[in-house]
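Reader: Please take me through this structure by its ring pairs and its sheet.

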Amino acid sequence: MALTSTPFFVSFLILSTFIIPTFAAESSTYEEEKEPFVGVNIGTDISNILSPQNLVSFLTHQKITHIRLYDANPDILGALSGSDIHVIIGVPNNQLIGLGSSNTTAATWIRKNVVAYYPKTLITGISVGDEVLTTVPSFSPILLPALQSLYNSLVSSNLHKKIIISTPHAASVILNPFPPSQAFFNQTLSSVITPLLNFLSETGSPLMLNLYPYYVFMQNKGFVPLENSLFKPLSPSKEMVDPNTLLHYTNVLDAMIDAAYFSMKNLNFTDIVVLVTETGWPSKGDSKEPYATKENADTYNSNLIKRVFGRSGTPLHPETTSSVYIYELFNEDLRSPPVSEANWGLFYGNATPTYLLHLSEIGTFLANDTTNQTYCVAMDGADSKTLQAALDWACGPGRANCSEIQPGESCYQPNNVKNHASYAFDSYYQTQGKGPGACDFKGIAMITTSDPSHGSCIFPGSKQLTKQTKQVVNSTQSSNAGEKLRLRTFSSIKISAISNILHIYLVAVFPLILFIL
């Protein structure tokens with residue numbers, strides 16, 4: 001039996017006394033969200049970012065109703081006024097000391113960034129800091145005071161029942177996450193974690209976690225099958241089974257969420273729900289990131305969205321489906337290496353899709369449902385002379401619009417026959433209504449669901465896809481999104497987990513081998 005087909009995640013101990021997570025304290029806007037939702041994170045390290053007004057128009061067109069900002073950008077908050085878009089605003093890490101050491105500073109922050117906009121702008125939450133305990137541990141002592149000061153200011157403004165307040169953590173605050181039933185919070189953080197959880201329980205706020213199955217897979221290749229990370233259908237032999245509870249896990253994200261519930265249970269907290277503030281999959285990477293592809297990103301995010309709207313919960317809590325914020329809405333082309341850091345977005349900065357999500361069965365979320373969106377491109381390895389002849393025909397008798405591949409135009413580069421032919425083929429294919437035989441060109445063309453657009457070059461199929469948002473796509477007005485500090489902790493899964501996996505593997509498989517022998 002191949003190692004990747006061995007049961008690996010272990011199900012949880014079913015505890016009859018485990019209480020279904022509900023908010024026991026103050027009711028809040030988060031509690032009023034009766035249905036789980038999918039939101040998006042909006043970063044701003046983009047060379048040509050949409051203006052706030054065009055951003056809101058784009059979000060509205062895409063039927064995106066929940067967003068998370070990494071700061072409290074006044075231009076974006078102002079543009080959101082009167083919309084139906086719910087927003088979590090962020091407190092950058094570098095503001096924590098001031099907020100945690102002065103009630104006056106906290107009151108001013110709430111007055112300036114919340115009261116000034118609410119309720120016309122639907123501010124539903126405040127994320128205080130980002131992965132503070134793992135990226136800037138020296139700020140840990142001030143984190144809870146900052147939360148408390150801001151919460152007290154919300155109380156003074158009578159907004160504490162409308163706006164949640166919490167702090168996002170990296171997955172690495174939880175140790176031994178596999179099997180989930182053996183997970184626990186890093187004990188070196190116990191002096192901070194326990195008071196934080198007590199605060200969340202008392203205020204009815206969720207535990208915010210940034211969870212990335214992509215990094216779990218990359219750090220544990222050979223132990224974690226790719227299918228488990230991407231929500232793909234699994235045979236029973238590939239399901240992850242917790243030996244302590246015999247619960248079956250078909251995907252990594254569910255196991256990570258349940259690991260958090262078990263970790264909280266170990267500290268006697270059972271009334272806090274998990275909110276996934278970041279999760280996603282990169283669509284492009286360098287040579288060391290071969291699994292950062294458009295296909296995998298499409299698969300992960302499409303299946304993630306379907307799973308949330310399917311309200312299937314987790315094996316431990318099928319009655320509780322965590323809402324999630326996808327990281328992220330736009331590719332941030334200004335981010336530092338590795339290559340994947342700039343390629344987590346669902347869209348390019350010009351608002352064209354990075355790849356084609358498959359969401360036809362989940363309603364209107366992301367209006368650019370691209371399940372049936374196809375393109376015609378030149379096949380790899382096609383003979384250059386044949387390509388040139390086909391290109392000449394498409395731009396001539398075929399009447400394809402080839403103006404964008406002329407010198408100096410947006411799709412001229414890279415200047416090679418394959419690139420130019422792909423653009424011409426797609427133009428012809430789209431003008432022919434994507435009909436049968438419109439993408440053949442003597443066998444050197446192929447239909448693809450991956451958007452071939454790149455940089456400022458938008459292929460004809462993508463132009464049709466976004467024609468209703470032409471104003472948004474063409475906008476290059478920049479907004480000052482303020483300073484943010486975002487350092488994701490990639491060590492969500494420790495190497496020590498491998499020894500646990502091997503132990504589970506031997507315990508589960510060795511007796512079977514003896515039986516067979």
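**Ring pairs and sheet**

Reader: How many aromatic pairs does a search of the whole structure find?
Author: The model is predicted. A search over the whole structure gives a total for aromatic pairs, and that total is 20.

Reader: What kind of aromatic pair do Tyr 214 and Tyr 215 form?
Author: The ring centres of Tyr 214 and Tyr 215 are 5.1 Å apart, and the planes stand at 70 degrees. Planes over 60 degrees apart count as edge-to-face. The pair of Tyr 214 and Tyr 215 is therefore edge-to-face.

Reader: Is Tyr 214 buried or exposed?
Author: The relative accessible area of Tyr 214 is 1%. The cut-off for buried is under 20%, so Tyr 214 counts as buried.

Reader: Where in the chain are Phe 217 and Tyr 291, whose rings pair?
Author: The ring centres of Phe 217 and Tyr 291 lie 4.8 Å apart with planes at 85 degrees, so this pair is edge-to-face. The two residues are 74 residues apart and link distant parts of the chain. Phe 217 is in helix 9 (residues 213-219), and Tyr 291 is in the loop between strand 12 and helix 12 (294-309).

Reader: Is Tyr 291 buried or partly exposed?
Author: Tyr 291 has a relative accessible area of 29%. Buried requires under 20% and exposed over 50%, so Tyr 291 is partly exposed.

Reader: Which are the edge strands of the open sheet?
Author: The sheet has 9 strands with parallel pairing, in the order 5-4-3-2-1-13-12-9-6. An edge strand here pairs on one side only. The edge strands are strand 5 (164-166) and strand 6 (168-170).

Note on methods. Residues numbered from 1 in each chain as written. Predicted model: local features only at pLDDT ≥ 70, side-chain atom pairs only at ≥ 80, totals over all residues. Heavy atoms only, no water. Pairing = 2+ DSSP bridges. Helix = DSSP H or I, 4+ residues; strand = E, 2+ residues; numbered from the N terminus. Phe/Tyr/Trp six-rings, centres within 6.5 Å; stacked < 30°, edge-to-face > 60°. Buried < 20%, exposed > 50% of the residue type's maximum accessible area, 1.4 Å probe, protein only.
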